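Here's a quick briefing on a structure you can follow along with on screen. Take a look, and then we'll go through it topic by topic.

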Amino acid sequence: MYVGVDVGGTYTDAVLVENGRVRATAKVPTGKDLLEPILKAMDIILKDVDKKNIKRVVFSTTMITNLIAEKKYDRVALLLIPGPGLSHKYYELGTDAHILSGSIDYRGREIVPLKRSEIESALADLAAKGYKKVGVVGKFSPRNNSHERQVATIISEKYPYWQVETGSRIGSRLNFPRRAVTAYLTCATRERYSYFVESVRQALKKREIKADVFILKADGGTLPLKSSEEMPVETIFSGPAASTLGVQALTPPGETAVVVDIGGTTTDLALILSGKPLLSAKGARVEGQLTQVRTLAVKSIPVGGDSLLKCTGAGLTICPERMGPAYCLGGPAPTPTDALRALGMTELGDLEKAREAMTLLGKDAGMNGSDVAGKVINLVVEKIANEIDRMFLEWEQEPAYRVWEVLQKQKVRPSVVVGVGGGAPGFIAGVAEKLGCRPVIPSYAPVANAIGAAVAKPTMQVSLRADTEQGYYIIQEEGIKEKIDRRSFNEQTALDVARDMLVRKALKYGLEVAPEEIEVTHQEVFNMFRDWTTKGKLIEVIVQTARGIMCSIRTGGN
């Protein structure tokens with residue numbers, strides 16, 4: 001038995017899957033206290049189930065996605081140590097960013113030391129502006145993080161209650177601008193993510209569930225719950241990845257379709273080509289900035305069934321925020337769900353309250369409730385359809401999309417729009433019509449994201465870093481350090497060692513992995529020179545077991 005739980009901003013969904021069939025589903029309001037809805041959802045699906053038979057529990061969440069989409073996090077400042085080279089315009093990330101003196105070269109040697117007085121002056125400025133969260137990022141900190149650690153130490157001495165994230169902690173990859181953005185987002189999301197993880201732990205303990213527990217990553221792979229705390233930003237698109245895998249499991253194998261998951265707070269977009277979710281070649285993009293987070297080619301837009309609506313002189317506006325549930329469900333303000341209820345397109349909530357919400361909304365513009373509701377529906381449909389059109393311009397640039405076009409032997413776009421999530425029945429037909437596509441709402445569409453979590457293949461990774469000059473390599477996850485032959489150890493050898501280590505690691509957990517199925521998610525080589533002579537190489541490779549789903553879902557399983 002496999003359990004999938006998706007903790008969304010509006011609802012917490014859960015499913016129990018056994019032998020390719022959905023045995024039970026649950027959908028409960030999320031609320032501010034995360035523990036309660038997780039317990040309620042699990043109690044529903046695990047009623048009369050022997051918990052010893054649960055093999056794995058996988059959680060996904062749109063919590064981090066929503067947090068960033070709605071910008072509901074504390075302000076984060078950056079202390080950057082770029083050294084010479086790039087123009088500082090690359091680091092304009094929309095927040096206070098101080099550029100510090102100091103430089104580490106690509107081999108990890110200190111070229112220019114830090115200036116303590118400069119650091120203290122920057123911290124005083126940030127303190128005066130009210131910052132309590134800071135990201136500290138040096139250009140070559142994966143090679144030598146001493147500058148980052150020095151700055152972090154000074155911060156802890158002067159402002160012990162500040163939250164500090166260092167660039168070297170969030171990953172071993174270079175690309176300074178992306179690491180700065182990733183550190184910024186990690187700092188912004190860690191506190192909230194820790195609360196989520198603690199709620200999950202408490203729920204599992206209270207219900208005495210001892211199965212393996214994972215978190216779904218943005219690329220559709222999984223992380224053990226404990227490991228996920230190191231990099232909360234890896235879950236930035238966990239929810240959209242879950243709904244994409246859910247649609248993959250709920251539609252015929254080999255299907256090509258646009259995935260539209262309409263939730264209460266956000267709408268998530270993704271693409272499946274011939275049965276495989278499209279992976280972003282460049283990594284997760286947040287507000288126009290690329291990060292180091294590996295992700296499916298998804299986008300989350302701040303419009304959903306509970307989006308706040310306003311009517312001003314300029315007309316109707318969908319605000320990128322959620323004040324609470326729909327007015328017809330006891331919420332404080334009119335929402336698109338009220339419009340659906342007023343027009344009889346959903347049975348959710350109180351009809352009279354929904355009509356009242358639409359009347360209130362149209363009062364200043366001199367429109368009656370029915371006209372306002374119709375305009376709201378059209379506005380939501382148009383906004384989602386326009387975003388999908390914009391996404392196609394990005395999807396079509398992805399290498400995997402171009403390969404798919406070659407295989408189709410013509411330039412073509414998918415003709416099917418699959419709608420999932422609570423808002424799909426009200427909006428997906430209109431969205432599909434706008435795009436000239438066929439709308440599909442599969443079975444179990446309201447809990448598709450939880451299904452995606454439940455059927456996600458467990459993934460593992462191995463990170464190898466070799467220094468041929470020093471004559472050793474390190475396997476980060478296992479804490480292994482081995483000597484190497486300096487002359488014969490090269491990039492291919494590193495890959496072979498990492499793959500072999502991953503196969504053996506997977507076997508320990510009962511997973512049989514064929515070497516040819518292993519994904520290389522990162523590969524970098526740096527030549528080290530001295531006196532105009534190559535002295536060695538720094539080789540980094542990260543390999544991961546294949547992502548995907550374990551099975552398709554057969555209908556009639558309840």
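Let's start in a loop: Glu208 is found between α5 and β11 (212-216), with helices (H or I, at least four residues) and strands (E, at least two) taken as DSSP runs and numbered from the N terminus. This is a predicted model, so keep in mind that local features need pLDDT of at least 70 and side-chain atom pairs count only at pLDDT 80 or more, while totals for chains, interfaces and linings use all residues. Residues are numbered from 1 along each chain as its sequence is written, and side-chain values use heavy atoms, with hydrogens and water left out.

**Positive phi in loops**

- Glu208 isn't a glycine, yet its phi is positive, at about 55 degrees.
- With a relative accessible area of 63%, Glu208 is exposed; the scale here is buried under 20%, exposed over 50% and partly exposed in between (1.4 Å probe, protein chains only).
- Asp48 is another non-glycine residue with a positive phi, near 65 degrees.
- You'll find Asp48 in the loop between α1 (35-45) and β4, and its relative accessible area of 75% makes it exposed.

**Domains and cores**

- The chain splits into domain 1 (55-236), domain 2 (301-447) and domain 3 (461-545), with bounds that come from an automatic or database domain assignment.
- Taken over C-alpha atoms, the centres of domain 2 and domain 3 are 47 Å apart.
- The largest nonpolar core has 92 residues, and Leu46, Phe59, Phe196, Ile236, Ile451 and Ile553 touch the most other members; such a core is a set of buried Ala, Val, Leu, Ile, Met, Phe, Trp, Tyr and Cys residues joined through side-chain atoms within 4.5 Å.
- Helix α5 (residues 176-206) is the top contributor to this core, giving 14 residues.
- Where does this core lie relative to domain 1 (55-236) and domain 2 (301-447)? Both domains give residues to it, so it lies between them.
- There's also a second, separate core of 43 residues, with Ile262, Cys311, Val376 and Tyr401 among its members.

**Aromatic pairs and charges over rings**

- Searching the whole structure turns up 7 aromatic pairs, where rings of Phe, Tyr and Trp (its six-membered ring) pair if their centres lie within 6.5 Å, and planes under 30 degrees apart count as stacked, over 60 as edge-to-face and the rest as tilted.
- Phe59 and Phe196 pair edge-to-face, at 6.5 Å centre to centre with 80 degrees between the planes.
- This pair links distant parts of the chain: Phe59 is in strand β4 (residues 56-61) and Phe196 in helix α5, 137 residues apart.
- Phe59 is buried at 0% relative accessibility, and Phe196 is buried at 0% as well.
- Tyr473 and Phe489 are a stacked pair, because their ring centres are 5.9 Å apart and their planes sit at 20 degrees.
- Tyr473 lies in strand β24 (residues 472-475), while Phe489 is in the loop between β25 (480-483) and α14 (491-508), 16 residues apart.
- Tyr473 counts as buried at 11% relative accessibility, and Phe489 does too at 8%.
- Phe59, Tyr193 and Phe196 make up one aromatic cluster.
- Arg75 has its charged end over the ring of Tyr131, 4.1 Å from the centre; that takes NZ of Lys or CZ of Arg within 6 Å of the ring centre and within 35 degrees of the ring normal.
- Lys481 has its charged end over the ring of Tyr472, 4.4 Å from the centre.

**Buried polar residues**

- Ser243 sits in helix α7 (residues 238-250) and, at 1% relative accessibility, is buried.
- The Ser243 side chain makes a polar contact of 3.4 Å with that of Asp261; this means a pair of N or O atoms within 3.5 Å, where within protein one must be able to donate a hydrogen and the other to accept it, and residues adjacent in sequence count only if both atoms are side-chain atoms.
- Asp13, in strand β2 (residues 11-18), is buried at 2% relative accessibility.
- The side chains of Asp13 and Lys27 are joined by a polar contact of 3.0 Å.
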